[in-house]
Amino acid sequence: MATKKEQELNRDSSAIKKSASRKTGPQELILPAALSVKQLGASMGVSPIEVIKHLMRNGVMAGINQGIDFDLAAVVVPAFGFKAKLVEAVGSQVESEGHGSKDEDKGEVIQRSPVVTILGHVDHGKTTLLDTIRSSRVTDAEIGGITQHIGAYQVEYKDQKITFLDTPGHAAFTAIRARGASVTDIAILVVAADDGVMPQTIEAINHAKAAALPIIVAINKTDKPESDPDKVKRQLTERGLIIEEFGGDVIAVPISAKNNLGIEDLLESVLIVAEISELTADPQKLAAGVVIEVKLDRHKGPVATILVKEGTLKIGDAMVAGTTWGKVKAMTNDLGLRVKLAGPAVPAEILGFSSLPQAGDLFFVAPDDKTARLYVENALKSKEEDLHLTRTITLEEVMSGIPAGEEKELNLIVKADTQGSVEAVRSSLTGMDTANARINILHSGNGGITEGDVLLASASKGIVLGFNVTPETSAERAAEQEGVEIRTYNIIYKLLEDVEAALKGLLEPAYKDIIQGSAIIRVVFGVRKQSRVAGVMVTSGRLTKGANVRLIREEQVLFEGSITGLRRFKDEVNEVNSGLECGVDIRGLEDFAEGDILETHRRERNR
Ligand code: GDP
């Protein structure tokens with residue numbers, strides 16, 4: 001049953017939407033420059049699955065946490081009766097520091113600093129490189145400042161700034177991407193010259209390639225007598241990362257992170273690649289970006305490091321991230337200095353969130369507190385629904401979601417028990433491309449299925465295939481959360497058969513839908529649409545609180561959601577069995593009538 005607060009909010013929500021457009025026609029929906037599919041669903045009060053379906057119909061494959069930009073959102077919302085309006089058109093200009101003038105000029109696009117992530121095999125020197133760059137490039141005036149680890153920092157080289165994400169690790173990098181945010185512009189791949197290309201080097205290449213990031217190779221530890229930079233270059237070229245000297249376009253820079261050698265060349269290369277990438281942003285917009293680190297401080301409360309992607313964040317802004325919001329109370333830069341503004345590509349640690357957002361959440365500034373609060377309330381509601389939503393992308397959906405006539409691409413991550421099996425699976429898969437469907441192996445390797453594999457699949461809308469291996473617990477959890485399909489096999493031809501079927505669009509789902517119970521609506525209590533309760537008789541199985549439920553009328557599914565409340569006489573109960581009557585509350589279900597059928601169901605793996 002909707003609480004009083006929720007009812008107030010519902011009223012609030014429609015008041016806001018309506019006040020934006022008093023004319024007849026679609027309601028105006030104020031949206032930020034970028035938001036996730038989930039947030040878009042929440043802002044319209046519809047399930048994110050509906051948004052995904054609509055995107056699919058338009059040939060766009062997106063997960064719940066996928067970030068989409070305003071233009072794409074604007075294409076989607078009319079289907080739900082709205083008209084999109086970009087948030088900054090509503091108000092709030094950036095006061096530029098010093099003159100505080102209100103700038104009427106919108107859309108001023110400037111060149112922005114590149115954001116760089118360092119990837120590579122363990123012990124190849126990522127942390128040392130990050131530390132060396134940081135300590136050697138801060139200006140003299142800043143050296144006295146407290147160097148503070150906030151998850152990202154900026155250095156200046158040849159009067160240009162470069163932002164480094166100080167969170168080495170492919171999982172962290174891909175986790176952010178899996179949540180829909182592309183934070184990084186350039187990847188530096190560190191390879192130790194004494195060790196050469198190792199499994200995580202390959203994983204890093206695959207993660208960066210999947211993100212379509214330009215890669216710069218830093219061949220590290222060249223101070224070591226046993227170092228062999230040429231061997232590294234050859235190995236990389238064999239892996240498809242073709243170094244300039246071998247006719248490719250990948251820059252490789254020999255360095256010694258420990259002895260501070262070659263660092264300038266590396267930074268020079270970053271600037272060259274950045275220039276080619278033409279990175280721009282509009283500092284006049286209301287800020288939007290990504291949360292990169294969070295912590296709960298005993299004295300300060302929730303502390304989040306954010307990286308602004310668009311616009312300028314300033315003190316007092318009402319910011320929304322995931323299911324939390326807050327007003328920016330204080331901002332600190334990577335040198336521990338208090339700042340008032342953070343523009344594009346600038347990281348800052350901020351205080352003011354009412355609760356902790358998650359690393360990887362997209363954040364954006366709302367035009368006012370009320371709108372921010374509303375976004376969060378809606379996001380919370382849809383989060384509750386999400387818990388019961390079926391997963392986003394499955395093998396067969398990937399293939400069927402692509403409009404006819406377009407080449408289909410099946411992104412796969414392949415894990416197997418031995419390197420031999422990996423090669424066997426890979427080579428069998430390579431021969432399976434058809435005229436209009438192509439297999440793209442994003443990553444393969446031996447060992448169990450890891451969280452990183454799942455996140456990579458999630459970020460690239462791919463599938464994880466395991467041969468004689470199982471997912472680690474953390475991978476299972478991530479798969480559940482991210483809505484990634486993991487298929488495991490111990491017979492190779494079964495694996496190949498499924499992939500072939502998927503390519504042809506004929507694959508059976510890995511999950512089946514199990515009906516748990518059904519009930520018929522006997523009476524409808526309450527007058528107002530939002531607070532009506534269905535009085536039902538359970539006709540088979542049982543109804544449980546929280547269960548996924550669909551409303552069926554004349555054999556058509558009219559609504560999907562979950563049971564928010566069950567009542568027997570005056571008592572709230574968790575379960576009602578066949579043959580009994582009860583009251584059922586289903587959030588969001590407004591249109592139901594006597595004679596409608598409620599069916600609860602759950603998903604189970606096909607075995
Ligand atoms: P990470 O696991 O990739 O972050 O690697 P670390 O930065 O922790 O480095 C692993 C080890 O390699 C440490 O003992 C470093 O001191 C050492 N190391 C890093 N860079 C260099 C280098 O350029 N030369 C030498 N000789 N050792 C290095």
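Predicted model: local features only at pLDDT ≥ 70, side-chain atom pairs only at ≥ 80, totals over all residues.
Which residue in strand 10 does Val-190 stand opposite? The answer is in point 3.

1. Six strands make up an open sheet, and their order is 7-8-6-9-10-11. The pairing is mixed. The edges are strand 7 (152–157) and strand 11 (251–254). Each has a single partner strand, so one side of each has no neighbour in the sheet. On average, neighbouring strands here are turned by 30° against each other, direction ignored.

2. Strands 9 and 10. Strand 9 (residues 186–192) and strand 10 (residues 215–220) run parallel. Six bridges join them. Val-190 stands opposite Ala-218, which belongs to strand 10. In general, the side chains of a regular strand alternate between the two faces of the sheet.

3. The helix across the sheet. Helix 8 covers residues 199–210. It lies across strand 6 (115–120), strand 9 and strand 10. Its direction is at about 170° to strand 9.

4. The ligand shell. The ligand is surrounded by 15 residues. The closest are Asp-123, Lys-126, Thr-127, Thr-128 and Asp-223. By class, the shell holds two nonpolar, seven polar and six charged residues. Helix 5 (residues 126–137) supplies the largest share, three residues.

5. A ligand oxygen lies 2.5 Å from an N or O atom in the Thr-127 side chain. A ligand oxygen is also 3.2 Å from a polar backbone atom of Lys-258. For His-124, a polar backbone atom is 3.4 Å from an oxygen of the ligand. How much of the ligand's area does the protein bury? Taken alone, the ligand exposes 580 Å², and the protein buries 76% of that.

6. Positive phi values. Most residues other than glycine have a negative phi. Two residues deserve a look on this count. Lys-221 has a phi near 60°, a positive value in a non-glycine residue. Lys-221 sits in the loop between strand 10 and helix 9 (229–238). Ala-345 is not a glycine either, yet its phi is positive, at about 70°. Its loop runs between strand 19 (341–342) and strand 20 (347–353).

7. Pairing of strand 27. Which strands pair with strand 27 in the antiparallel sense? One is strand 32 (residues 581–586), which pairs with strand 27 (residues 533–544) over four bridges. Within that pairing, Gly-535 has Gly-583 in strand 32 as its bridge partner. Another is strand 31 (residues 575–577), antiparallel to strand 27 over three bridges. There, the bridge partner of Arg-542 is Asn-577 in strand 31.

Key
Residues numbered from 1 in each chain as written. Heavy atoms only, no water. Near = heavy atom within 4 Å. Polar contact = N/O pair within 3.5 Å; in protein donor to acceptor, adjacent residues only side chain to side chain. Areas by Shrake-Rupley, 256 points an atom, 1.4 Å probe, with all protein chains shown as cover. Helix = DSSP H or I, 4+ residues; strand = E, 2+ residues; numbered from the N terminus. Nonpolar A, V, L, I, M, F, W, Y, C, P; charged D, E, K, R; others polar. Pairing = 2+ DSSP bridges. Axes fitted to C-alpha atoms, helices over the stretch in contact; angles between N-to-C directions. Contact = heavy atoms within 4.5 Å.
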